[in-house]
Amino acid sequence: MTEPRFYQREIETMSRDELDAMQLQKLLEMLEHVARTNPFYANFWKQAGIDVSKVKSFEDFRLVPMIEKSHIVADQNEHPPFGSRSGSVNQNLGRTDLYTTSGTSGQGKELHACSLRELKAMEEIYRYGMSWAGMSPGDIVLLTLPITMLAGGRVEYQGAVASDLTVLPVGNYDAASKVDHIRRFNPKALFGSTSYFGTLATMMGDDARASSVDTLLTGLEGASLPFLKSIEEMWGAKAYDRFGCANMRADFMWSDENGIGEPGKPGTLLNVDPYVLMEVVDPTTGLPVGDGEFGELVITSLYHLDNPAIRNRVRDGAVFQKGGRKGSIRNFHGVEMASISRIDDVKKVKGINIYPQAVDDLVFSWPEIEQYEVILSRSSSFADIANLRLQLRSSVAASSAEQIIARAKDAVKTRLGINFNIEIVPKVEVSDYKARRWKDLR
């Protein structure tokens, strides 16, 4: 086990009871402030018949209604362009960073904001994550994410700079230019999306393992443990994963110094409890799940006082790991590594429910596979057709393709219960952001 890497030792070694007390105090102070200053939440709670001044415990807080994307988009449409929720803009509180979402859900693009004091708190969260990953001031990190109006890229850049790292912001360059920068500037770490690290390693071939990169700051997508391990092997480096969402304008769950773990013994993504209250609830009942159980993530920021995020459903689920487990270095709550997946991300194929995460786990357990995609379509008789397209690693001989296809067909049939058409292709395109491996053309 790696020696602990503390950013704030006093806080990180608090008991679970002490952390609960700290979170509850911050929560009650934040609720009182938001009820006075934020018309979006004040009206939302009033319509639900909730008086947050009566909240005195975490149990009381569970009666506060959750918000989700549809509420945010509706508020923006009613009060364009910022919505009544963006206090730092509406109240002229000074510098505000604005972020949009991609709109891929089809429900519209959300707008999120951060005031200066919120940004300063966000920077603290990144200092925890970077410290746990072994990053020291002055270390060179190559940021592979483009910097746009999306939160992804901008918050990573700001978090890395706040951690006193030397940042190479090459996300807007093409892959060949990124590789050139790795070879020229010898970064210690790559910071970006997990899948894209595989793309760069493929371009570099054996040079990836021989490079200066020994730390992979992965994230931005729900990657399986086999896939994370394969990325580690390609670079000869250690991966440290993270999780965040646009609603929070930050990555707020991070691997500790032990990294992602091993097959059969996954690591933990630790929530940075001093700044974020994480609930993991049953999606049907809304009640908290137990330690080791799967549930939906509901996020409350304890530092967004001007542009709040309170009981925000992010539609991602994970296996809860309760803080205070025996032998834990830190008593922060967390989730099991590689257990995060979309609550609503299920595909019905030939009458069978298929979870993309199950396919991810299966395909990336095959060492020959670099990337994959699934294309769903229908025949002229309206029967479902599922095509699994595989990109092999450059080191795999083309002559073995038929054997790989035959083995893959058997494995998919056994694991998923239905047949997929399987083909080997020269290349599967992967975005600089999240890998979207499923294309439903039906």
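How are helix 7 and helix 8 oriented relative to each other? The views below, taken from a predicted model, begin with this pair.

**View 1. The packing of helix 7 against helix 8.** Helix 7, which spans residues 116–132, and helix 8, which spans residues 151–162, pack with their axes 8 Å apart and at an angle of about 75 degrees. Because angles of 65 to 115 degrees count as roughly perpendicular, the two helices are described as roughly perpendicular to each other. On the side of helix 7, the residues that meet helix 8 are Leu119, Met122, Glu123, Tyr126, Arg127 and Met130, and their counterparts in helix 8 are Val155, Glu156, Gln158, Gly159, Ala160 and Ala162. By class, the residues of this contact comprise 7 nonpolar, 2 polar and 3 charged.

**View 2. Helix 10 and the elements that cover it.** Helix 10, residues 194–204, is mostly covered, since 9 of its 11 residues are buried. The buried residues are Thr194, Ser195, Tyr196, Phe197, Gly198, Thr199, Leu200, Ala201 and Met204. They pack against helix 9, helix 11 (207–210) and helix 12, and also against strand 5 (189–191), strand 6 (215–217) and strand 20 (369–378). Just after helix 10 comes Gly205, whose phi is positive at about 65 degrees.

View 3. His181 belongs to helix 9, which covers residues 175–185. When its neighbours within four places in sequence are left aside, His181 is in contact with Leu142, Val170, Tyr173, Asn186 and Pro187. Ser377, by comparison, is 196 residues from His181 along the chain, and the C-alpha atoms of these two residues are separated by 40 Å.

**View 4. The second largest pocket and its lining.** The second largest pocket holds about 700 Å³ of space. It is lined by 28 residues, of which Met1, Asp256, Asn258, Gly267 and Thr268 are the closest to its centre. Two or more residues of the lining are given by each of helix 12 (225–235), strand 10 (261–262), strand 11 (265–266) and strand 12 (268–271). Sorted by class, the lining has 11 charged, 11 polar and 6 nonpolar residues.

View 5. Asn92, in the loop between helix 6 and strand 1 (96–100), has a phi near 55 degrees, a positive value in a residue other than glycine. Arg311, in the loop between strand 14 (294–301) and strand 15 (312–321), likewise has a positive phi, near 50 degrees, although it is not a glycine.

**View 6. The cis peptide bond between Pro80 and Pro81.** Pro80 and Pro81 are joined by a cis peptide bond, for which omega is about -5 degrees. Pro81 is placed in the loop that runs between helix 5 (69–78) and helix 6 (87–90).

**View 7. Ser328 in its loop.** Ser328 lies in the loop between strand 15 and strand 16 (334–336), and it counts as partly exposed because its relative accessibility is 32%. The C-alpha atom of Ser328 is separated by 18 Å from that of Gly264, and the two residues are 64 residues apart along the chain.

Key: Residues are numbered from 1 along each chain as its sequence is written. This is a predicted model: local features need pLDDT of at least 70, side-chain atom pairs count only at pLDDT 80 or more; totals for chains, interfaces and linings use all residues. Side-chain values use heavy atoms; hydrogens and water are left out. Helices (H or I, at least four residues) and strands (E, at least two) are DSSP runs, numbered from the N terminus. Axes are lines fitted to C-alpha atoms, for helices over the stretch in contact, and angles run from 0 to 180 degrees between N-to-C directions. Angles under 35 degrees count as roughly parallel, over 145 as roughly antiparallel, 65 to 115 as roughly perpendicular and the rest as oblique. Contact means heavy atoms within 4.5 Å. Ala, Val, Leu, Ile, Met, Phe, Trp, Tyr, Cys and Pro count as nonpolar, Asp, Glu, Lys and Arg as charged, and the others, Gly among them, as polar. On a 1 Å grid over the protein atoms alone, a cavity is a set of points where a 1.4 Å probe fits but cannot get out, and a pocket is an open set with protein on both sides within 12 Å along at least five of seven lines; lining residues have an atom within 4 Å of a point. Grid points are joined across faces, edges and corners, and a volume is the space filled by probe spheres set on the points. Buried means under 20% relative accessible area, exposed over 50%, partly exposed in between (1.4 Å probe, protein chains only).
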